[in-house]
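We will take a short walk through two chains, one stop at a time.

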Amino acid sequence: MKRTLFDKIWDAHVVETITAGPDILYIDKHLIHEVTSPQAFNELRERNIPILRPDKIVATADHNTPTENQHLPIKDLLSRNQLKQLSTNCEENNITLYGLGHPYNGIVHVMAPELGITQPGMTIVCGDSHTSTHGAFGTIAFGIGTSQVAQVFASQCLLVEKPKKLRVNVNGKLKNGVLPKDVILYLISKLGTNSGTGYFCEYAGNVFEEMSMEGRMTVCNMSIEMGARGGLIAPDETTFSYVEGREFAPKGVEFEKMKAYWKNLKTDEGAEFDKEYSFSAEDIEPMITYGTNPGMGIKLTEAIPLNQGNSDKKALEYMGFTEGESLIDKPINYIFIGSCTNSRIEDFRTAASYIKGKQKAANVNALIVPGSRQVAEQIKAEGLQSIFEEAGFSLRQPGCSACLAMNDDKIPAGEYCVSTSNRNFEGRQGQGSRTLLASPLTAAATAIAGKITNFTHNLN
Amino acid sequence: MEKFISLTDTAVPLEIENIDTDQIIPARFLKATDKAGFGENLFRDWRFNKEGNPNPDFNLNNKKYAGSILVAGDNFGCGSSREHAAWALKAYGFKVIVSSYFADIFKGNSLNNGLLPLQVSPEFLEKLFIAINSDASEKIHIDLENQLIKITSTGESEKFDIDPYKKNCMLNGYDDIDFLVSRKEAIQKFEDTKLQF
């Protein structure tokens, strides 16, 4: 029987199949953070159930952390308490925690891959929908709710129905200035926000094969925005050389042994998918969203579509845009480069290469938030910090920050923010804020121009 | 977990598509470390204006509508995995959410909390909206055992799907933890023989 990459990993993790019911799926790595874990710890405590495999859990603090003065006590009492609970829960249960200030601290989906915790062929879960990010390594990785966090605590397993299989192929040559973020925003704009519901999505084609691991993570990260529980890309030499040598990756003979196994993790020729789509790389241009879901995206050069339904009209009203208008030259006062979608070193290198020698426009507040302490260190080591600072950008300490605005990094009501994050929902970046999703390059160009601009003619 | 067998009640219509979990419960309310108290902030930024006063245009504030059934537009619960969304809906008093489509994680979270995500066809959803809009006292009957939803005044009904395992959990108030813990031996055997990482 010909199998897909997804089948191969899934089958290797099925403990039992319940008749006319879900599978019991074994979980190799369970990542946790401060927001979606406390109620799960409480649940187990109340039911007197121990955590089965604490050594398979890694914790970080990211959602609710400040991006300034991380060495000081957190001012917000509720946030401080939530972080304290995470520390106590991890300590009591022998769980590794990379808390605030730890050299390995960072956004869960940035920190785990860069430490080599994420490896091909694994099953990975986290109480966060963007867990799909780890699929970039050829893993089955998906977000779970807090009840499921408790289930994994109790059994290292989950009861899950096997999802259907979807493949999205993109072949051809990407145009200058088109980044992985544009590719995924383009796909979601074409397929819609619920096209992937009930599916796991494999991304295939030379466009993904030629992408860096950072780029693949950006793509897989937003799989959930088209409704797919997860996305994945077959591991290859790019994957193996990224993983090799990282802190928690297998070493020496063990690495070679695993690599031999990882090489088999690809879809067999002729394996069947429940749904399949193909796109040409040449059709993709830098993208931007104009509405309140990630599917409401257009090319920078396009106008907002006409004849929209009632829900889309409501979205346009919220955004203060009208059907048929172009976004070019719209003044923008806020840009945010960060989040688990675009806060890796490559994102900052790309932004810095555009910004170098330029100044941000006077009207713009430009926020740069690295995904992890390690990325922050790299930004310094590579001299990007001075580029950002000289251009007037504010470089902060790592965390989820203005992606969901749980901390103080909020966009004021009514203001537009060109953001490299993943969701443009109403109020996502602060009550009344209006988010336009885009790539780090588009965000950087917006900051320099002070308005949305077609920057592609400025590229070399 | 609370059992769910059947229900006959009025419904609150929310004719909006793609209602995401950030609208159901905004991120700034996720700082709590227990499950209680989310109901008061359900749909916070739609329910209340900037000054904190109830927004009269929002159906949850419309005295005409009441009941433990929420009937919502397509693709309900998309976005974040926060289970706080299910806790907020439950705490507010909803027992069933009806839509023509649910996001995966939200659906699972609801089922794990005894809140029934009931998926109907787009045509039946339309009928529900028409029935509730023309008479807010319209009673909707939901029978989980027979997987049936009915508009009581007209008798129009539709069968709905639910995973048989999950149905059994809802009917009996079981949750997955008890089941998984009961499979400890099989899990141990898997770890002894098939573990790769």
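Two strands count as paired if DSSP finds at least two bridges between them; helices (H or I, at least four residues) and strands (E, at least two) are DSSP runs, numbered from the N terminus. This is a predicted model, in which local features need pLDDT of at least 70, side-chain atom pairs count only at pLDDT 80 or more, and totals for chains, interfaces and linings use all residues. Residues are numbered from 1 along each chain as its sequence is written, chains are lettered from A and ligands numbered from 1 in the order in which they are written, and side-chain values use heavy atoms, leaving out hydrogens and water.

**Stop one: strands in chain B.** Select residues 6-9 of chain B, strand β1, and residues 140-143 of chain B, strand β6: they run antiparallel, joined by 4 bridges. Within this pair, T8(B) sits opposite H141(B).

**Stop two: helices in chain A.** Select α12 (residues 345-355) and α15 (residues 440-449) of chain A, which pack at an angle of about 30° with axes 9 Å apart. Axes are lines fitted to C-alpha atoms, for helices over the stretch in contact, and angles run from 0 to 180 degrees between N-to-C directions. Show the side chains in contact (heavy atoms within 4.5 Å): among them are Y354(A) of α12(A) and L441(A) of α15(A).
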